[in-house]
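Here's a quick tour of a protein chain for someone just starting out. Have the sequence and the 3D view handy as you read.

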Amino acid sequence: MNTEPIWPNGARLALSIVVNVEEGAEMSVLDGDSRAEAVDEMGMMVKPGVRNFSNESNYAYGIKAGAPRIMDMLARRNLPATFTAAAQSLERAPEIARRIADDGHETCAHGYRWQVQHNMDEETERAFIRRAAQSIEQTTGTRPVGWLSRYLFTANTRRLLIEEDYRYHMDDYSDDKPFWDTDTKIGKPILILPYAIDTNDMKMWNAPAYTPRDWVIYLNDTLDVLYDEGAVAPRMMSLGLHLRISGRPGRAAALESFIERVSATDGIWIATRAQIMEHWTKTFPPSGR
Ligand SMILES: [Zn+2]
């Protein structure tokens, strides 16, 4: 077991704050999709072809009110985050793209639209992955190096990411630390930065498993366990947020209490995933030390 601190400045834990930007890129009858977006604060399903105006406005809230609230919260403490963005969301909200860049955050590609990939053939998926990178480079000024799917992806996805020059892949829930995939494409390893659903604010929306207070208790417990283990082994924690979910005032208050705690605790490296990738690559290169 590694007993040296592996994160910068002897930190015991790397914390990655992930802010999903999906609003404006969700499924929409207005955009030609066969049905309205099914992920809804109300859990309401409408028939194919029927617009759900109320849910469209739930998503609009994320852009109009949620984004500035969450971005101000991060800016007050100068905390960097990874914005996992569906590229089309940033095309439609260029003010958010600009602020991500100005505030020193990272943008990770979360699809061209907020759309599942599992039914895409290889060429469709390659175009989807390529278009996301090109669009995000245009809206933020920086080409994304990481990828997160809308949960469902294909047997081709990881190889396509490598071929399209992505450097890390988030679609994995198998560990509490980064690891290399050296098998998908021999000679071209890609770093896997596992994400987490259990700490995700989505648990307060389409699967209302937690109240905001439950959620903060769960986050604090997760932090405690990983922080303890981080004394002797590399650990990272992912906090997944959504503008339309944690951007609501009552949930924002819960989020703020956790953010306050982590920024006041010594030994937590709050970093973007690109920073975690750079550090891990230097410390544990794929060929081993
Ligand atoms: Zn997402």
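Predicted model: local features only at pLDDT ≥ 70, side-chain atom pairs only at ≥ 80, totals over all residues.

Residues are numbered from 1 along each chain as its sequence is written.

**The whole chain**
- The chain has eight helices and nine strands; helices (H or I, at least four residues) and strands (E, at least two) are DSSP runs, numbered from the N terminus.
- Its radius of gyration is 19 Å, close to the 19 Å that the globule rule gives for 289 residues, so the chain is as compact as a globular protein of that length. That radius is taken over C-alpha atoms, and the rule is 2.2 Å times the number of residues to the power 0.38.
- Along its principal axes, the C-alpha trace spans about 60 × 45 × 35 Å.
- Of the 289 residues, 44% are buried (20 or more other C-beta atoms within 10 Å of a residue's own, with C-beta atoms placed from the backbone).
- Take the contacts between residues at least 6 apart in sequence: 70% of them join residues at least 24 apart. A contact means that two C-beta atoms, placed from the backbone, lie within 7 Å.

**Zooming in on Ala93**
- You'll find Ala93 in the loop between helix H2 (87–92) and helix H3 (94–102).
- Ala93 counts as buried because 22 other C-beta atoms sit within 10 Å.
- Leaving out residues up to four places away in sequence, Ala93 touches Gly24 and Ile63.

**Helix H4**
- H4 (residues 122–140) has 19 residues and reaches 27 Å from its first C-alpha to its last, close to the 27 Å expected at 1.5 Å a residue. The expected span is 1.5 Å times one less than the number of residues.
- Its buried residues include Glu125, Phe128, Ile129 and Ala132, and what covers the buried ones includes strand S2 (82–85) and helix H5 (157–163).

**Helices H6 and H7**
- The axes of H6 (residues 212–229) and H7 (residues 249–264) come within 9 Å and cross at roughly 20°. Axes are lines fitted to C-alpha atoms, for helices over the stretch in contact, and angles run from 0 to 180 degrees between N-to-C directions.
- H6 and H7 are therefore roughly parallel to each other (angles under 35 degrees).
- Among the residues that meet are Trp215 and Leu219 in H6, and Ala254 and Phe258 in H7.

Conventions: Buried ≥ 20, exposed ≤ 12 C-beta atoms within 10 Å, placed from the backbone. Parallel < 35°, antiparallel > 145°, perpendicular 65-115°, else oblique.
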